Amino acid sequence: MTPVKDLKYSNVSEHNAAPEIFDPADSVEKISLMIVDDDYRFRERLGRSLSRRGYEVHSFADGASAIEHARLNSAELALVDLRLQGEWGLNIVAELLTVDPETRVVVLTAYGSIATAIEAVRLGAKNYLQKPVGVEEIERALLQDFEDVEADIGKERSTLQNNEPIEVPSLAK
């Protein structure tokens with residue numbers, strides 16, 4: 001199988017609103033994002049839109065090309081379609097997370113079910129979205145971890161600055 005060429009979009013100066021807590025455009029380095037979807041139009045439009053929002057986007061039509069790229073240059077975020085031509089997206093999720101367990105994966109599908117959503121999360125996906133889905137919802141799902149981490153850091157920082165005792169859970173209770 002001939003690998004699909006990695007498409008890298010240049011950042012466009014236009015900037016759309018991003019989530020309140022974390023804005024990838026504010027980062028010194030762009031956040032790398034991998035899109036794995038066999039629908040050319042969807043993949044290209046989503047890639048352009050996310051690039052304008054400040055992401056470094058790499059786009060793939062098949063799992064083999066995406067995994068090959070991840071082995072050389074792992075992405076921080078990944079969107080993976082559940083059903084690709086001849087491939088099961090959950091296998092790609094598992095492989096991407098084997099290459100880099102820190103990659104935040106969101107599964108996209110037009111064929112959603114509770115069973116596949118549970119399996120995706122069990123494999124390590126951070127979220128599961130059913131198509132059609134807007135860019136804002138995709139970005140919110142991708143950045144949810146950043147927001148949670150920043151909120152936790154902010155709480156810890158204020159506790160330490162106020163010299164309040166930190167409660168440690170006990171198994172003896």
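What volume does the largest cavity have? In this predicted model, the largest cavity has a volume of about 30 Å³. The count of cavities of 30 Å³ or more comes to 1. Its lining is formed by Met 34, Ala 70, Ser 74, Ala 75, Ala 78, Leu 96 and Thr 103. By class, this lining of the largest cavity comprises 5 nonpolar and 2 polar residues, with no charged residue.

Two packed helices are described by the angle between their axes and the distance between the axes. Helix α2, which covers residues 63–72, packs with helix α3, residues 89–99, at an angle of about 10°, and their axes are 9 Å apart. Angles under 35 degrees count as roughly parallel, and α2 is therefore roughly parallel to α3. On the α2 side, the contact is made by Gly 63, Ala 66, Ile 67, Ala 70 and Arg 71, while α3 contributes Ile 92, Glu 95, Leu 96 and Val 99. Sorted by class, the contact of α2 with α3 has 6 nonpolar, 1 polar and 2 charged residues.

Helix α3 also packs with helix α4, residues 114–123. Here the angle is about 10° and the axes are 9 Å apart, so α3 and α4 are roughly parallel to each other. In this contact, Leu 90, Val 93, Ala 94 and Leu 97 of α3 meet Thr 116, Glu 119, Ala 120 and Leu 123 of α4. The classes in the contact of α3 with α4 are 6 nonpolar, 1 polar and 1 charged.

The next topic is the pairing of charged side chains. The model has 6 salt bridges. One of the pairs is Arg 53 with Glu 139, whose side chains meet in a salt bridge at 2.7 Å, N to O. Because Arg 53 lies in the loop between α1 (40–52) and β3 (55–60), whereas Glu 139 belongs to helix α5, this pair ties together parts that are 86 residues apart in sequence.

Pro 132 is placed in the loop between β8 (127–130) and α5 (135–161). Which form does the peptide bond from Lys 131 to Pro 132 take, cis or trans? The bond from Lys 131 to Pro 132 is cis, with omega near -5°.

Technical notes. Residues numbered from 1 in each chain as written. Predicted model: local features only at pLDDT ≥ 70, side-chain atom pairs only at ≥ 80, totals over all residues. Heavy atoms only, no water. 1 Å grid on protein atoms, 1.4 Å probe; cavity = no way out; pocket = protein on both sides within 12 Å on 5 of 7 lines; lining within 4 Å. Points joined across faces, edges and corners; volume = space filled by probe spheres on them. Nonpolar A, V, L, I, M, F, W, Y, C, P; charged D, E, K, R; others polar. Axes fitted to C-alpha atoms, helices over the stretch in contact; angles between N-to-C directions. Helix = DSSP H or I, 4+ residues; strand = E, 2+ residues; numbered from the N terminus. Parallel < 35°, antiparallel > 145°, perpendicular 65-115°, else oblique. Contact = heavy atoms within 4.5 Å. Salt bridge = Lys/Arg side-chain N within 4 Å of Asp/Glu carboxyl O.
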